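Here is a friendly walk through a two-chain model, written for someone who likes to know which cut-offs stand behind each term. Have the viewer open as you read.

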Protein chains: 2
Amino acid sequence: MTLSKKPYKGCRDFFPKEMRERNFLFDAMKSAAESFAYEPFDGPMVEEVELYKAKSGEELINEQIYEFTDRGGRHVAIRPEMTPTVARMVAQIAKQASKPIRWYSIPNLMRYEKPQRGRLREHWQFNVDIFGAPQYLGEIEVLSVVSQLMESFGADKEMFGIQINDREIVDFIFNEVIKVDAQKSYRLYKIIDKSKKVDRQALEKMTSEVLEDASQQKLFYSYLELTSFEKLVTFLKEHSYPELTAFESFVQKLKNSQAWQYTEYDPAIVRGLDYYTGVVFEVFDKHPDNKRAIAGGGAYANLLQIFNEPALGGIGFGMGDVTLKDFLISHNLMPKLDTAQNDVFLTYMDEQGENLAMTTAHNLRKAGLKVETNLGVMKFKKLFKTAESKGHTNVAIIGEDEIKNSSVTLKNLQERKQETFSVDDIESITNFLKQG
Amino acid sequence: MTLSKKPYKGCRDFFPKEMRERNFLFDAMKSAAESFAYEPFDGPMVEEVELYKAKSGEELINEQIYEFTDRGGRHVAIRPEMTPTVARMVAQIAKQASKPIRWYSIPNLMRYEKPQRGRLREHWQFNVDIFGAPQYLGEIEVLSVVSQLMESFGADKEMFGIQINDREIVDFIFNEVIKVDAQKSYRLYKIIDKSKKVDRQALEKMTSEVLEDASQQKLFYSYLELTSFEKLVTFLKEHSYPELTAFESFVQKLKNSQAWQYTEYDPAIVRGLDYYTGVVFEVFDKHPDNKRAIAGGGAYANLLQIFNEPALGGIGFGMGDVTLKDFLISHNLMPKLDTAQNDVFLTYMDEQGENLAMTTAHNLRKAGLKVETNLGVMKFKKLFKTAESKGHTNVAIIGEDEIKNSSVTLKNLQERKQETFSVDDIESITNFLKQG
């Protein structure tokens, strides 16, 4: 039988070029998180299904999770998201750890999706979370981390934006202004989640199925028209929102922050996952070919309680590598990484030179250089083309003369500068090679 | 219901300290591989089970693999090893790629194991492979990569060794010297695999079940006593091994290589996996508490044929993070990584300083520094202890005077040196902070 060479559906093979691109994204993620002193963590790729059932939301559990029973009868799943794992781990140390806890990770996750642009079954997700921060300062910081990352790629406010909402406010409007019960409130959330994807007629149809009263409908639609912080604050004043002072202070802090220039209030952002309780946000791509969320997150007050630990509020976001890469490509922000970056392609023109080549390569590696030894006698003709295609900045040649003199001839590929050194003079060789 | 805070059985939670340790291992792996110009790659965490059934060996398939049927009816497995994925990916590009192909990866893998010291269900494995290298030069290079990695940790030949065998030679001895058929040869392989873990009596019992003839048994035992390259070569000469010249040339090249000082011939090393066809090896820990293989690998000639591609020989090894870390700890080679490495803990002593602190932090991050802003007003008393516990080399203080003057006071924690700068003078601030 012949086996398929293709990867499993919706998953990717990362050949060296794609892997360098992935490393480029990951390095930027690490730098952004660590510039705010976030610390790295990771959990297992498999968790017990119960962990996700507790809070992850119905769609994920019923349609998207990769679940199975292990050989010992445990019901487990490949991690579809990282937040439940973060919460589980923070629950272990919440009592003794100094607050806030600032963590990031870049795990591989799996969801059973219909593969399409920007959506695959396996992806890597940058996760940033802060636990136990003073109200709103944590939110601002997390929004700043995501801004820092986007800026580090050279992205500006013409390219991306951050849409913000606050589920406490949405709850207030649903419960105290529109005056619906918890069950109807839940259904209104689902309508909001879909509101941008449907036309007015469909929106009205869905709404009328939940809200019979015309005045309730009117309030719901006027909520959906609150497309700026100013309009929102006016509306909240009119309806005597008890937490208005705190919210206005949040907006003020946000205005002073790195994130402000990207930020807008958007009543249609509520985030699908069930665990969010406060500020929620999405980073979205403004490119016309690519209008979708690049990242999403928010504040969750109660995730630790499922582990029987005292509440400790968290704020976090997740950013997938697939959507981020699409964003960078669309805006011409993705560097060309077609070849590796190596220091020297070391060759011998005669079998006799093999030992000398191997020893020299070894010494240069000890000095911190990236050295490829050609395995076998090299034809001079192919030398420069081969070296360039493999990302070398220099070639080293051991020919007849070099064997006689225990030397090596170096040639810089850019400047075509050439020099011969004793193989024992590793310092001079290193200096020559590092100029390139 | 209260959920468990523990990770799934046999898997690990990587808290920041453990994650820094993991990153330390991974960085060393990357450096070793890239110093030989190996390029990074990765594949999906899930593959179709057929891929493993083709070559991975019975124990893995029947007892260790995490397999399940996906929502679309595909029979899949979480990757238990990386070699089948490497082979699948190389098969896609084998025709057009320039040879040799040098690749490495550090994937997370899962096997259904009984968790014990050095053995977990999820581990990360450093995989290094070369395809299409001239015979024996590829083997030598791969052995040099693993030596380079071990040396980079400061390990020496008192701490680890590399045991080598050649399955072509074992096949020759079984088929042409002991003269057994393929089925018996397979059973002898299994006996060899166990030979170090059982006493002489058990070994003789197992052997007599396969070889009835006393002279065959004697030959088998004398094979097991060939514990050096010299003894092996003498034995092969006596029995007219047709490939002796090539093998002697391999030993000669090995003697000239970086790996030689660690290497010994060991007739008991054959590697459990079924796909190896030539040189096989194991890196083993010499510490009395920890006598086990840290890495294993070998040459496999036929893996591409399962994809209906022409044969392209590969040589590779895998090294698990769990056994490597045990090795480093046993030999005191693991650095202390208890805290992060951050540049400055930036604090404000008065609510009024919040904005100034946030802006200054932003500017310092743009300059490449790792800055933690204390969220909320800081009590001076706790300042230095907190900063040290979080791995900062400096503190920055914005108090009453600093607010008035738009300045910031910096203090180096090691030298207790103190200086005040205008917040606009990012260059001087950066210089002060980087001295630490």
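Two strands count as paired if DSSP finds at least two bridges between them. Helices (H or I, at least four residues) and strands (E, at least two) are DSSP runs, numbered from the N terminus. With that in hand, chain A holds an open sheet of five strands, ordered S14-S13-S15-S16-S17, with mixed pairing. At its edges stand strand S14 (371-373) and strand S17 (418-422) of chain A, each of which pairs on one side only. From one strand to the next, the twist averages 25 degrees.

A word on conventions before going further. The model is predicted, and local features need pLDDT of at least 70, side-chain atom pairs count only at pLDDT 80 or more, while totals for chains, interfaces and linings use all residues. Residues are numbered from 1 along each chain as its sequence is written, and chains are lettered from A and ligands numbered from 1 in the order in which they are written.

**The sheets**

Strand S13 (residues 342-348) of chain A pairs with S14(A) in the parallel sense, over three bridges. Within S14(A), A:Thr373 is the bridge partner of A:Leu346. Helix H16 (residues 426-435) of chain A lies across S13, S15 (392-398), S16 (407-412) and S17 of chain A, and runs at about 15 degrees to S16(A). Axes here are lines fitted to C-alpha atoms, for helices over the stretch in contact, and angles run from 0 to 180 degrees between N-to-C directions.

Chain B also has a mixed, open sheet of five strands in the order S14-S13-S15-S16-S17. Why is one side of S14 (371-373) and of S17 (418-422) in chain B left without a neighbour in the sheet? Both stand at the edges and have a single partner strand each, so one side of each stays without a neighbour. Two strand pairs, one from each chain, are set out here.

| Strand pair | Sense | Bridges |
|---|---|---|
| S13(A) and S14(A) | parallel | three bridges |
| S15(B) and S16(B) | antiparallel | four bridges |

In the chain B pair, B:Asn394 stands opposite B:Asn412 in S16(B).

**Domains and helix packing**

Chain A is divided into domain 1 (16-330) and domain 2 (342-435), with bounds from an automatic or database domain assignment. The centres of these two domains, taken over C-alpha atoms, are 52 Å apart.

Helix H1 (residues 16-35) of chain A packs against helix H12 (residues 321-330) of chain A at an angle of about 95 degrees, with the axes 11 Å apart. H1(A) and H12(A) are therefore roughly perpendicular to each other, a label for angles of 65 to 115 degrees. A:Glu21, A:Arg22 and A:Leu25 in H1(A) meet A:Asp321, A:Leu324 and A:Lys325 in H12(A). Contact means that the C-beta atoms of two residues, placed from the backbone, lie within 7 Å. By class, this helix contact has two nonpolar, no polar and four charged residues. Ala, Val, Leu, Ile, Met, Phe, Trp, Tyr, Cys and Pro count as nonpolar, Asp, Glu, Lys and Arg as charged, and the others, Gly among them, as polar.

**How the chains meet**

The contact takes 72 residues from chain A and 72 residues from chain B. On the side of chain A that touches chain B, H1(A) gives the largest share, six residues. By class, that side has 34 nonpolar, 19 polar and 19 charged residues.

Conventions:
Parallel < 35°, antiparallel > 145°, perpendicular 65-115°, else oblique.
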